[in-house]
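Here are my notes on the model for a first reading. Please go through them with the structure open.

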Amino acid sequence: MDISRDIESLSNFKRNTVRFLEQMKETREPVVLTINGKAELVVQDAQAYQALLDRIDYLETMKAIEQGLQDVKDGKSIVLEDFIADMRKKHGIHG
């Protein structure tokens with residue numbers, strides 16, 4: 001994010017919306033909008049926002065995988081057959 005380019009007043013954004021939309025599509029960077037000199041809103045191109053959500057989803061998945069691998073290392077897991085047997089016993093399932 002380029003502070004000199006990506007922080008603007010809400011009033012300026014309203015006056016120049018088309019220019020800002022073109023900028024966001026080109027740079028894929030959000031624009032921080034200020035109200036009375038205080039940062040209040042972030043506006044972002046929809047594709048860039050989706051890419052951000054995708055990155056978050058990927059990172060959360062990687063963290064869960066890392067936790068699962070650590071659980072295996074720490075002995076906090078059981079083999080599938082034992083899990084199935086435990087569930088059958090717990091829920092009275094025969095088969």
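1. The chain holds five helices and three strands, where helices (H or I, at least four residues) and strands (E, at least two) are DSSP runs numbered from the N terminus. Read from the N terminus, the elements follow the order α-β-α-α-β-β-α-α. The chain is more spread out than a compact globule, because its radius of gyration is 25 Å, well over the 12 Å that the globule rule gives for 95 residues. That radius is taken over C-alpha atoms, and the rule is 2.2 Å times the number of residues to the power 0.38.

2. This is a predicted model, in which local features need pLDDT of at least 70 and side-chain atom pairs count only at pLDDT 80 or more, while totals for chains, interfaces and linings use all residues. Residues are numbered from 1 along each chain as its sequence is written, and side-chain values use heavy atoms, with hydrogens and water left out.

3. Along the principal axes, the C-alpha atoms fill a box of roughly 70 × 30 × 25 Å. Of the 95 residues, 15% are buried (under 20% relative accessible area; exposed is over 50%, partly exposed in between; 1.4 Å probe, protein chains only). Among contacts with a separation of 6 or more, 31% link residues 24 or more positions apart; contact means heavy atoms within 4.5 Å.

4. The three strands form an open sheet in the order 1-2-3, with mixed pairing; two strands pair if DSSP finds at least two bridges between them. Strand 1 (7-9) and strand 3 are the edge strands, each pairing on one side only. Strands 1 and 2 run in the parallel sense and share three bridges.

5. Is Asn-12 buried or exposed? Asn-12, in helix 2 (residues 10-15), counts as buried because its relative accessible area is 17%. Its side chain makes a polar contact of 2.6 Å with the side chain of Asn-16 (a pair of N or O atoms within 3.5 Å; within protein, one must be able to donate a hydrogen and the other to accept it, and residues adjacent in sequence count only if both atoms are side-chain atoms). Leaving aside neighbours within four places in sequence, Asn-12 touches Arg-19 and Phe-20.

6. Gly-37 sits in the loop between strand 2 (31-35) and strand 3 (38-43). Gly-37 is classed as exposed because its relative accessible area is 73%. Its C-alpha atom is separated by 47 Å from that of Leu-69, 32 residues apart along the chain.
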